[in-house]
Amino acid sequence: MRYYIADLHFFHANINDRMDCRGFADVEEMNRYMIDKWNRKVGENDEVVILGDLSWGNAEQTSMLLRQLNGRLYLIRGNHDIFVSKTTMDMSRFVWVKPYEELYDNKRKVVLCHYPIMCYNGQYRLDDNGNPITYMLYGHVHDTRDQRLIEQFQEITRSTVTRDSQGNERMIPCNMINCFCMYSDYEPLTLDEWIACDAKRRQRAKS
C-alpha cells in the first residue's frame with residue numbers, strides 16, 4: 001500500500017502553538033501522537049511519500065524519529081527539511097529524496113511536489129469515461145489563506161469551458177489535493193482516501 005502526507009513538522013513547537021494552533025500540550029505530546037497515528041496505519045512493507053516539511057528537529061533528533069516510523073519512506077523535500085543537508089543525518093531510512101517526482105498509483109499519474117503547481121503535467125488527461133487520471137499532490141500552504149486562494153483557482157478552472165481534440169466542449173479538469181496532515185488527523189492516506197477526504201472537506205466548506 002502507498003500512502004501520502006505533508007507538513008508534519010515534528011519537533012516544531014511554533015507550528016503547534018502559533019501557525020497551526022494544533023492544540024497539543026507541548027511538542028513532545030504532538031510528536032507522540034503523530035508517531036502513533038502513523039504506525040497504527042502504516043505497515044512495515046507499506047510505502048509513505050512525505051510531501052515535505054517532515055521535521056524541524058536537528059539531524060540526531062530526526063534520525064531517531066525515522067527509526068520509529070513504519071514503512072518504506074520517500075521524501076519530497078520541503079523548505080523546512082534542513083536536516084537533509086546535515087552531514088550527521090542518517091539518510092538510510094529514505095528510499096530517495098527529491099524535490100519533485102511523478103509516479104503511477106493504480107493506473108493514475110500522481111504529480112508530487114511540496115509546493116502547489118497550478119498547471120501540472122497531465123492535467124487535461126481523462127480516461128474513456130471522462131474521469132481524471134492525473135492528480136497533483138502538494139503541501140506547504142497548510143490551512144491558510146493561500147490554501148483558500150488555491151481552492152478558488154480550482155473552482156474557476158473547473159468551471160471554465162474548453163474544447164477537446166474532437167471539438168467537444170468540456171470543463172477543464174483541476175485535481176490538486178493538499179495532503180496537509182491536519183486534514184487527515186495526522187494519518188497518512190492512500191490516493192483514494194485523499195480524494196475522498198478532499199471532497200468531504202470542500203463539501204463541508206460549502207455548507
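Modeller: Let us begin with burial, where a residue counts as buried if its relative accessible area is under 20%, and as exposed if that area is over 50%, with partly exposed in between. Please keep in mind that this is a predicted model. Tryptophan 96, with a relative accessible area of 17%, is therefore buried, and tyrosine 74, at 8%, is buried as well.

Biologist: How are the rings of tyrosine 74 and tryptophan 96 arranged?

Modeller: For ring pairs one looks at the angle between the planes, and over 60 degrees counts as edge-to-face. The structure holds 6 aromatic pairs. In the pair of tyrosine 74 and tryptophan 96, the ring centres are 5.1 Å apart and the planes stand at 70 degrees, so the pair is edge-to-face. This pair links distant parts of the chain, since tyrosine 74 belongs to strand S3 and tryptophan 96 to strand S4, 22 residues apart. Tryptophan 96 also has lysine 98 over its face, at 4.7 Å from the ring centre.

Biologist: Which parts of the chain does the pair of tyrosine 33 and tyrosine 186 tie together?

Modeller: Tyrosine 33 lies in helix H2, while tyrosine 186 lies in the loop between strand S10 and helix H5, so the pair ties together parts that are 153 residues apart in sequence. Their ring centres are 5.8 Å apart with planes at 90 degrees, so this pair is edge-to-face. Tyrosine 186 is buried at 5% relative accessible area, whereas tyrosine 33, at 30%, counts as partly exposed. Together with Phe24, Tyr33 and Tyr186 form one aromatic cluster.

Biologist: Which residues have the most contacts inside the largest nonpolar core?

Modeller: That core has 46 residues, and those with the most contacts inside it are Tyr4, Trp38, Leu51, Leu112 and Leu137. Its largest share, 5 residues, comes from helix H2. Leaving aside neighbours within four places in sequence, leucine 137 is in contact with residues including Tyr4, Leu51, Leu112 and Ile177.

Biologist: With which side chains does the side chain of glutamate 102 make polar contacts?

Modeller: Glutamate 102, in strand S5, is partly exposed, with a relative accessible area of 26%. Its side chain makes a polar contact of 3.1 Å with the side chain of lysine 109, and another polar contact of 3.1 Å joins the side chains of glutamate 102 and asparagine 121. The C-alpha atoms of glutamate 102 and asparagine 121 are separated by 8.9 Å, with the two residues 19 apart along the chain.

Definitions and conventions:
Residues are numbered from 1 along each chain as its sequence is written. This is a predicted model: local features need pLDDT of at least 70, side-chain atom pairs count only at pLDDT 80 or more; totals for chains, interfaces and linings use all residues. Side-chain values use heavy atoms; hydrogens and water are left out. A nonpolar core is a set of buried Ala, Val, Leu, Ile, Met, Phe, Trp, Tyr and Cys residues joined through side-chain atoms within 4.5 Å. Buried means under 20% relative accessible area, exposed over 50%, partly exposed in between (1.4 Å probe, protein chains only). Helices (H or I, at least four residues) and strands (E, at least two) are DSSP runs, numbered from the N terminus. Contact means heavy atoms within 4.5 Å. A polar contact is a pair of N or O atoms within 3.5 Å; within protein, one must be able to donate a hydrogen and the other to accept it, and residues adjacent in sequence count only if both atoms are side-chain atoms. Rings of Phe, Tyr and Trp (its six-membered ring) pair if their centres lie within 6.5 Å; planes under 30 degrees apart count as stacked, over 60 as edge-to-face and the rest as tilted. A charge sits over a ring if NZ of Lys or CZ of Arg is within 6 Å of the ring centre and within 35 degrees of the ring normal.
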